[in-house]
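Subject: Structure handover and notes

Dear colleague,

Here is the structure I promised to pass on to you. My notes on what was found in it follow below.

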Amino acid sequence: MKKALFVGSFAPFTNGHLNICIESIAAFDKFVVGVGLNSSKQYYLSIEQRTELVRLALADFVARYQYRWLNGQYFTPNQIRAAEKLITRPDRVEVIPYEDFTDDLIVRTGADFLIRGRRIVGDDESEAQFTAIINELMGTTQKYPCLVINIQVPDLADTYVSSSN
């Protein structure tokens with residue numbers, strides 16, 4: 001069973017984040033969203049509120065899918081696959097808060113893949129550093145012999161939203 005983990009502070013949780021979740025739910029057997037704390041950021045919402053907002057965004061996606069015939073919305077094959085998984089196997093998707101390090105969450109969830117979102121502008125260097133650090137931590141501790149970092153670019157319209165800038 002392929003398990004993926006998508007982590008972030010999600011302040012705010014954007015359409016780009018939702019698109020990454022949908023693509024990942026379609027691609028993996030089990031999917032976990034880790035809503036974390038970043039000590040360098042100031043949050044308007046608590047970690048519990050941000051966790052609930054992610055759950056609500058996924059529920060809203062399912063509702064839009066279930067009533068697509070009313071609103072005339074088109075769904076891609078991956079969106080259909082993700083919606084059907086969320087409807088038939090909701091236990092395969094989990095949204096959890098976490099306050100420790102990402103590598104500890106990887107071990108705790110048993111994730112095989114760490115999903116990272118990347119916008120078109122400005123993320124290459126920081127994501128390369130993050131990937132190197134996680135691979136080094138996971139390799140040297142031998143918790144996992146190999147952890148794949150899967151970088152996905154969200155839709156063009158969602159690439160310029162960032163909680164850091």
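The protein has six helices and five strands, where helices (H or I, at least four residues) and strands (E, at least two) are DSSP runs numbered from the N terminus. Please bear in mind that this is a predicted model, in which local features need pLDDT of at least 70 and side-chain atom pairs count only at pLDDT 80 or more, while totals for chains, interfaces and linings use all residues. Residues are numbered from 1 along each chain as its sequence is written, and side-chain values use heavy atoms, with hydrogens and water left out.

Read along the sequence, the elements follow the pattern β-α-β-α-α-α-β-α-β-α-β. Of the 165 residues in the protein, 41% are buried, a word that stands for under 20% relative accessible area, as against over 50% for exposed and partly exposed in between (1.4 Å probe, protein chains only). Among the contacts (heavy atoms within 4.5 Å) with a separation of 6 or more, 76% are between residues 24 or more positions apart.

The core

In soluble globular proteins, nonpolar side chains tend to be buried together. The largest nonpolar core here has 28 residues, and those with the most contacts inside it are Phe-31, Val-33, Val-54, Leu-58 and Phe-61; a nonpolar core is a set of buried Ala, Val, Leu, Ile, Met, Phe, Trp, Tyr and Cys residues joined through side-chain atoms within 4.5 Å. At least two residues of this core come from each of strand S1 (3–8), helix H1 (15–27), strand S2 (30–36), helix H2 (47–66), helix H4 (77–88) and strand S3 (93–98). H2 provides the largest share of this core, with seven residues. Apart from this core lies another, of nine residues, which include Val-7, Tyr-98, Leu-105 and Ile-106.

Returning to Val-54, if its neighbours within four places in sequence are left aside, Val-54 is in contact with Phe-10, Phe-13, Val-33, Val-35 and Val-95.

H1 and H2 pack at an angle of about 70°, with their axes 11 Å apart; axes are lines fitted to C-alpha atoms, for helices over the stretch in contact, and angles run from 0 to 180 degrees between N-to-C directions. The two helices, H1 and H2, are therefore roughly perpendicular to each other, on a scale where angles under 35 degrees count as roughly parallel, over 145 as roughly antiparallel, 65 to 115 as roughly perpendicular and the rest as oblique. In this contact, Leu-18, Cys-21, Ile-22 and Ile-25 in H1 meet Ala-57, Leu-58, Phe-61 and Arg-64 in H2. The residues of the contact divide into seven nonpolar, no polar and one charged, with Ala, Val, Leu, Ile, Met, Phe, Trp, Tyr, Cys and Pro counted as nonpolar, Asp, Glu, Lys and Arg as charged, and the others, Gly among them, as polar.

Cys-21, which is found in helix H1, is buried, with a relative accessible area of 0%. Leaving aside its neighbours within four places in sequence, Cys-21 is in contact with Phe-6, Phe-13, Phe-31, Val-33 and Leu-58.

As for H2 and H4, their axes come within 10 Å and cross at roughly 110°, which makes H2 roughly perpendicular to H4. From H2, Leu-58, Phe-61, Val-62, Tyr-65 and Gln-66 meet residues of H4 that include Gln-79, Ile-80, Ala-83 and Ile-87. The residues of this contact of H2 with H4 divide into nine nonpolar, two polar and one charged.

Tyr-65, in helix H2, is buried, with a relative accessible area of 5%. Its neighbours within four places in sequence aside, Tyr-65 is in contact with Phe-75, Ile-80, Ala-83, Glu-84 and Ile-87. The C-alpha atoms of Tyr-65 and Ile-87, which are 22 residues apart along the chain, are separated by 10.0 Å.

The loop between S1 and H1

Two points of backbone geometry deserve a look. Pro-12 lies in the loop between S1 and H1, and a cis peptide bond joins Ala-11 and Pro-12, with omega at about 15°. Phe-10 lies in the loop between S1 and H1 and has a positive phi of about 50°, although Phe-10 is not a glycine. At 4% relative accessibility, Phe-10 counts as buried.

With best wishes
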